[in-house]
Amino acid sequence: MASPASATIPEDLLVEIFLRLPTLAALARAAAACTSFCRLIKSRAFRRRFRSLHQPPLLGFMDPGDFHPAKAPHPSAPLAGALAPCVEDFSFVPPVVSSASYFTSAYASAHNFPVEIMPDDQELPHWRPRDARDGRVLLDWVSLRPRLVQMWGNREDGSDVSVLMDANELTNHDPGARATWAKRERCNAADFNLAVCNPLSRRYELLPTIPEDFAAWPEDLLFEFVPMLAPAAADESLKVICMATYQTKLVLFVFVSTPTARQWHMAAFPVLTRLSTTSCFDCVRGCFYWTDPWEWSDYLLVLDTRSMRFSYVNLLTGYHVQLRDLPDQSTGRRRPSAVVVGREGSIEMFSLVGQEGSFTLHHTSLQNYSQEWKLEKIITLPGQYKDYSISTVGAAEGFLFF
């Protein structure tokens, strides 16, 4: 039976009304009102327009240790609570190797391992989340035992060497003795296993390991390996970028999946970045932005994922000169700034400063073709944070996380 509203309001105006409904729950209630409303809302054209105008609901944020669901009073709290068990569980992604085969009672007895040092479940190999974007999660395979990247002073001259150590290679288990191992090349990028999954649909894709000829090319000490899930281009279904920091150079390993090919590419840069570490980043409009996580740096490092080129943005101009000189008395060290999606043609940052037990956010922006950072607003955080030490952990989808 047609409703009075559908008989008097043209369909194109009904569509505009439905597009402005704030939540999926409100849209579902409208679709249940009558058959004509349901027909309009179920059409592919309407659903496409609705998705383009409404961001997916925020379920929470994820770090390598855990998934943190949204909690009340956030409007997504009920949905996040219901879906949290799905998002936290990556058991549907096949293991790279059987973790049960690593440590067994027979193995422990054969190598004189006491029972009390047998690893618990958390120490067994598992998939660990490293990045998340557009509903997908990038995982790497972490095995604390038996494969470890270790720094050992086992050369005759006492210098350090980075080795991917396997417990099966140890030949002396005396705690007071010097560890030795069978001859093995030092750890390189080919030793990392990656996967991308959708925790809600439980679909996954195992990535091939980085080719050995790529990984072995930088004959150098690998210090840091940071995988990132990059925004895919129109002709790409998946793009993963791995930043490998070596002693004297920086290398990008890029995996691209298209309808016709799935392969790794490599881009090497002759000099290292000037950041002490590259593990703190935000993704804004197809670019990754890095800030120094421990102190105020004089620039932003930017990677354009479309051109795969690095650039720098000067931080020490305009209001940022004053911001750098503000005394941060809470911990003695500056907290990392976060880069967020700003207005058209601008980069926007939020910098957290603690003074005399209270915290303020300094919102600044850098307009295109301008060299001066402008102060937009100073935001005082609520008083309950006064006695705590807090910091930003990143920004995504227009949200800033602490």
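Is the crossing of helix 2 and helix 5 left-handed or right-handed? Keep that in mind as you click around; what you have open is a predicted model.

**Stop one: two helices.** Select residues 11–19 for helix 2 and residues 44–53 for helix 5. Their axes come within 10 Å and cross at roughly 35 degrees. The crossing is right-handed. Now show the side chains where they touch: V15, E16, F18 and L19 belong to helix 2, and they meet F46, R49, F50 and L53 of helix 5. Sorted by class, this contact has six nonpolar residues, two charged ones and no polar ones.

**Stop two: helix 4.** Select residues 35–42. The buried residues here are S36, F37, L40 and I41. They sit on the same side of helix 4 because they cover an arc of only 130 degrees around the axis. An α-helix has 3.6 residues a turn, so residues three or four places apart point the same way.

Next up is an open sheet of four strands, in the order 17-18-19-20 with antiparallel pairing. Strand 17 (338–340) and strand 20 (374–380) are the edges, each pairing on one side only. On average, and ignoring direction, neighbouring strands of this sheet are turned by 25 degrees against each other.

Zoom in on residues 346–355, which are strand 18, and residues 358–367, which are strand 19. This pair runs antiparallel over ten bridges. To finish, select S346 and look across to strand 19: Q367 stands opposite.

Definitions and conventions. Residues numbered from 1 in each chain as written. Predicted model: local features only at pLDDT ≥ 70, side-chain atom pairs only at ≥ 80, totals over all residues. Heavy atoms only, no water. Pairing = 2+ DSSP bridges. Axes fitted to C-alpha atoms, helices over the stretch in contact; angles between N-to-C directions. Buried < 20%, exposed > 50% of the residue type's maximum accessible area, 1.4 Å probe, protein only. Arc of directions from axis to C-beta. Left-handed = near helix turned anticlockwise from the far one by under 90°. Contact = heavy atoms within 4.5 Å. Nonpolar A, V, L, I, M, F, W, Y, C, P; charged D, E, K, R; others polar.
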